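Me: I would like to learn how to read a sheet and a few of its surroundings. Could you take me through it step by step?

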Amino acid sequence: MEKHVQQIFEHLFTRFDCLRGCEKEIASAYKLIEQCYANGGKLLICGNGGSQADADHIVGELMKGFLLKRPVSQQYAELLGEKFDNGTYLAQNLQGALPAISLGNHNALLTAFSNDVAPDMVFAQQVFGYGRKGDVLIGLTTSGNSANVVNAAKIAKSLGVSVISITGTNGGKIAAFSDSAINLPAAETYLVQELTLPVYHALCAMIEAHFFACP
C-alpha cells in the first residue's frame, strides 16, 4: 500500500481496536477492489434491510467524491468545452467515479423476479446479468446465511467475479464462497452493522486515496 493508503488503514484500527482480528481480510478486500478498478471493473453490492442501506451508502462514497475532490482530467474538460456551450459548467460539476451498483435498488426487477421466479435469486439474477470476470461482489449479511446474498455469491464465483463478504463473527454459509471473508467480532445484527460502517468507510477512503490522491 502507498503511504497515504496505509495511514487510512492503520487509523481504522486505532479507532476500532476490536477490528484488529480482521486486519488481514480487510487488507485482502482492499486489494481485490483496487485490482478490480485498475482493470476497468465494477463493484456489485447487496444486502437486506440495514445491509441494503449500507450497500447504498457504499455506492454513495464511491460514485462521487468522498474525502477528496475528484476533478475530471484537463483533457476531458477541454473536450466538453469544445463540444458544448456549457462545457465548462459540465466539467466543473462532474467528479471522478468508481463504478458501483447497489443491487437492492431496482424495485420493478426485484418485485417481478420475486413474484415470477424465486425471491432468493433476485441478487443472483443481477450478478448473472451485470457480472463480468474481474468485477467484485460485496455481500453484506450479518448472519452470513441470507439465502439471496449467498446465492449471489455462488453465481459470482461461477463467473470469475471475486466475492467479499462482511458478516458477523462466525461468517456463515457465505464464507465458503468468499475470496475475502471479513467476519466482524459481533453476533447480534445491530452490533455487526455498527462495525460494518467503519470498515467500508475505510475501504472507500483507501480506494479513493489510491486513485485520486496526488502522488
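Reply: Two strands pair if DSSP finds at least two bridges between them. Helices (H or I, at least four residues) and strands (E, at least two) are DSSP runs, numbered from the N terminus. In S2, isoleucine 101 is the bridge partner of leucine 44. As for the source, this is a predicted model, in which local features need pLDDT of at least 70, side-chain atom pairs count only at pLDDT 80 or more, and totals for chains, interfaces and linings use all residues. Residues are numbered from 1 along each chain as its sequence is written, and side-chain values use heavy atoms, with hydrogens and water left out.

Me: What order do the strands of the open sheet have?

Reply: The general idea is that strands of a sheet pair through backbone hydrogen bonds, either parallel or antiparallel. Here five strands make an open sheet with parallel pairing, in the order S2-S1-S3-S4-S5. S2 and strand S5 (180–183) each have a single partner strand, so one side of each lacks a neighbour in the sheet. From one strand to the next, the twist averages 15°.

Me: How many bridges join strand S1 to S2, and how many join S1 to S3?

Reply: S1 (residues 43–46) is joined to S2 by three bridges, and to S3 by four. Both pairs run parallel. Isoleucine 45 stands opposite serine 102 in S2, while cysteine 46 stands opposite glycine 139 in S3.

Me: Which way do the side chains of S1 point, and are they buried or exposed?

Reply: Buried means under 20% relative accessible area, exposed over 50%, and partly exposed in between (1.4 Å probe, protein chains only). Leu43 and Ile45 point one way from S1, Leu44 and Cys46 point the other way, and all are buried.

Me: Where is leucine 94 found, and what does it form with Tyr76 and Leu79?

Reply: Leucine 94 is in the loop between helix H5 (87–92) and strand S2 (100–102). With a relative accessible area of 38%, leucine 94 is partly exposed. Like charges are joined within 9 Å, and nonpolar side chains (Val, Leu, Ile, Met, Phe, Trp, Tyr) within 5 Å. Accessible areas come from the Shrake-Rupley method with a 1.4 Å probe; for residues, only the protein chains shown count as cover. Tyr76, Leu79 and Leu94 form a nonpolar surface patch, with about 240 Å² of accessible area together.

Key:
Patches are made of residues with over 30% relative accessible area and no salt bridge: like charges are joined within 9 Å, nonpolar side chains (Val, Leu, Ile, Met, Phe, Trp, Tyr) within 5 Å. A salt bridge is a side-chain nitrogen of Lys or Arg within 4 Å of a carboxyl oxygen of Asp or Glu. Axes are lines fitted to C-alpha atoms, for helices over the stretch in contact, and angles run from 0 to 180 degrees between N-to-C directions.
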